[in-house]
Amino acid sequence: MNELPAGEAVVKLLVAEGRALSAGEIGDSLRVPRGGRKGLRRLLDELTLTGRVVEARGGKYRAARERVRSSEAWEGFLNVNPRGFGFVVQLGKDDVYVPAEAIGGAMHRDRVRVAVVGRSPRGLEGRIEAIVERRGPRVAGVLKRRARALWLEPDDTRIRGPIALPRGEKRGEDGEAAVVSITRWPESQGETPEAELVEVLGKDGDPNVEVAKILVREEVTEEHPREAIAEAEGMAAKVQRVVTDKRVDLRSVPLPTIDPEDARDHDDALWAERDGDGYKVWIAIADVSEYVQPGSALDQEALRRGCTIYLPDRAIPMLPSALAADLCSLLPEADRLCLCVIAELDKQAKVKRMKIVEGVMRSQARLTYEGVARALGFTEAPPRSAQAEAMKRELKVLSEVATKLRRARMARGALDLDLPEARIVVDPQTGAPTAIYRRTQDPGVKRAYQIVEELMLLANELVARWVLRRKAHGVFRVHGKPDEKKLTRLGEVSEKLGVAFDLDEMLTPLGLGRWLKGIHEHPRRQVLEGLLLRSLKQAAYDIANVGHFGLASDAYLHFTSPIRRYPDVLVHRQVKHLLRGGQVDVSDAAKEALATAATRSSQRERSVMDVEREVSDLYRALFMQDRVGQEFEGMVTAVVGSGLFVSLDDPFVDVLVRYEALGPDRYEMSEDELGAYGLTTGDLVQIGDRMRVVIEDVAILRRQVLARRVLGAGEGAEAQGRGRGRGRGRVAQSRGEAPRQEAPRRARGAVTTTANRPGPARPKSRAKASKQRRKR
């Protein structure tokens, strides 16, 4: 095998590779003859027992981590795997693997302090030193009752269970869905938590019950507290007494609102006129802060909610409807308080002068995107709107301004991602999903949306610069540069697909914008844009202005949606304080209070996004549970440790195809992690490939749909015969070039072969082949 001792050669290979290898890969690399493979497996067992080699998942082996004396320790969040081990993750730090025996009493999503105790080419290993802050106490699951004993089996298998409940608890029957709140946390590895029953929700698996689980667990309440509702309703009398002589009277400016047909709250209104060879624009925003006063019950509840939650069948508003849909909403022919950005622009729509005023306005029309698009001749599909037709001339001016603003924004490098969205239709009686499809939009209506979008972006930028000029602390919307490591991975995919990629350029908005423009017509644009999205950092709220990479903006904040976002309310308060002659508070206490509010807003935004995503994933799983055994077609969009994700064409659902469900061969992740290949046949399936699958199982609790790859008649055997001994075989074809005009198949479900399609090259050898894994 080698002049080195056999065990030393194996360890040396695993260290050099820096990843887990199967016994077959080890044997190939060390040129172990077929007859010696049993001996190699015995050797691997010995090395595992002595601790020099560690058995990884999938029957693979990696070199044991080198134990080090290290003072490295930091705080982060613990993500537990259902198998018991976990990872501590923290921005700016490498993930730390924590074996089950080193987790102690910590639980999934706890904030912990981890100490690094070892490292290897694969990463860091550590142990939990302390629990800094416990996760939220609420846990959803299924009740189990045996005699006098009652406990909850958590839905999330990453959470320790069973969770014991008080013996005297009479509520809840065996098998019912419920939510509990932990009252006693585990202190050591073998302990499980204790809890009290919060709410019994009903029959487990019922769509309404499953959604309620998520909302109750995350402490999302649809009804506002009585105190907040009383304050909101009491504002009606206050509005009648509002003195408007200290505000700028904007009631002569038409200021129509432009919103979707079913919108209930209207927090922005627009107008534009020609001004010489330039323009004058008014961007009026509902003055929510006049009603939501600091420290009030309304304020406390709005801060707790953070923003409006949008579910497929309804919205859960940040503010009570008395404000959101009435007093604060810019309804037509009603006097409303507003903050208005008034800007004078030159003929290229560059800002010459601007000001912000506290105003009183009266919107003259409630327009819809469809009506505006039809009036401007962007589309012939929607019915005509008499109000939009009456304002056609002025709407053309708005469109002209927006077009020039957008052109300038794209020129400076703003990103223009057009990612697919799902439209989930829910039965109002049963709560069950009845259809899931890719949301489409009339291009003309999309142009109408862009009119409003560009004016909102302009207002947000102008207010941010206004605040900075006054050297005031602000709550800015920040977005940093992309993750360089993830961009490198995107570069690998780009080059494999024949798309030019320069890492240094991609770290600038202009460079990234040019790259996006270059892939606009690419057949695998969806895959590339999806990978780019994973490379981008998440936008957040901060008092330190670092700019907004995605918008290529040096200063940006949220000012235009105070009915549905709490940070906008904070900005309004600050702007009004300065407009009224207030002094800039530069004290540490004021800065700390604003920083805390910004951090809390970011955290709440992420929590809301998680709720919206989980509810959507739940509906997808519920929709597919009656489609087990049916065949569908889609595109491979991601590669993970357990298999490939395929995005189905119709219904628009992501399914997981595990490696063992790819075919008769044994499949592993390719070395570049862009696909999977068969060890015997060399069959390569990669990101962007088309695939036909059959649904095998639906895991409601994990919100996951499992599928198996469908091969054409005789295809698997043909691939095996042709690939044996050469490491070559069938390659799943990408039909992205003409997804609806594909060539006739030889058999139902067959996948056509092509040898020269763009994509990652086949791994050179088995030993060299082998995580991926809101708004502006």
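A residue is called buried when its relative accessible area is under 20%, exposed when that area is over 50%, and partly exposed in between, as judged with a 1.4 Å probe on protein chains only. By this rule Leu 255 is buried, because its relative accessible area is 0%. The structure is a predicted model, in which local features need pLDDT of at least 70 and side-chain atom pairs count only at pLDDT 80 or more, while totals for chains, interfaces and linings use all residues. Residues are numbered from 1 along each chain as its sequence is written, and side-chain values use heavy atoms, with hydrogens and water left out.

Although Leu 255 is not a glycine, its phi is positive, about 40 degrees. Ala 552, likewise not a glycine, has a positive phi of about 50 degrees. Ala 552 belongs to the loop between β26 (540–542) and α16, and it counts as buried because its relative accessibility is 18%.

Cis peptide bonds also occur in loops. One joins Gly 161 to Pro 162, with omega about 0 degrees, and Pro 162 falls in the loop between β10 (149–154) and β11 (163–164). Another joins Asp 650 to Pro 651, with omega about 5 degrees; here the proline is in the loop between β28 (643–648) and β29 (654–658).

The discussion now turns to charged side chains. A salt bridge is a side-chain nitrogen of Lys or Arg within 4 Å of a carboxyl oxygen of Asp or Glu, and a search of the whole structure finds 61 of them.

Other bridges are formed within a single helix. An α-helix has 3.6 residues a turn, so residues three or four places apart point the same way. In helix α6 (residues 297–305), Glu 301 and Arg 304 are separated by about one helical turn because they are 3 residues apart. Their closest N and O atoms are 2.9 Å apart, forming a salt bridge. Glu 301 counts as buried because its relative accessibility is 7%, whereas Arg 304, at 28%, counts as partly exposed. The buried residues of α6 are Leu 298, Asp 299, Glu 301, Ala 302 and Arg 305. Just after this helix, Gly 306 takes a positive phi of about 80 degrees.

Helix α17 (residues 588–624) holds both Asp 610 and Arg 613, 3 residues apart, or about one turn of the helix. These two form a salt bridge in which the closest N and O atoms are 3.0 Å apart. Asp 610 is partly exposed, with a relative accessible area of 43%, and Arg 613 is partly exposed at 42%. Elsewhere, a network of salt bridges links several residues, among them Arg 109, Asp 155, Glu 614 and Arg 703.

On a 1 Å grid over the protein atoms alone, a pocket is an open set of points with protein on both sides within 12 Å along at least five of seven lines, and lining residues have an atom within 4 Å of a point. The lining of this pocket has 26 residues, of which Leu 570, Arg 573, Gln 574, His 577 and Leu 594 lie nearest its centre. Two or more lining residues come from each of α6, α16 (566–579) and α17, with the largest share, 7 residues, from α16.

Finally, strand β27 (residues 631–640) contains Thr 637, which is buried with a relative accessible area of 14%. Contact means heavy atoms within 4.5 Å. Leaving aside neighbours within four places in sequence, Thr 637 is in contact with Gln 526, Arg 534, Phe 645, Ser 647 and Ile 687.

Terms used:
Helix = DSSP H or I, 4+ residues; strand = E, 2+ residues; numbered from the N terminus. 1 Å grid on protein atoms, 1.4 Å probe; cavity = no way out; pocket = protein on both sides within 12 Å on 5 of 7 lines; lining within 4 Å.
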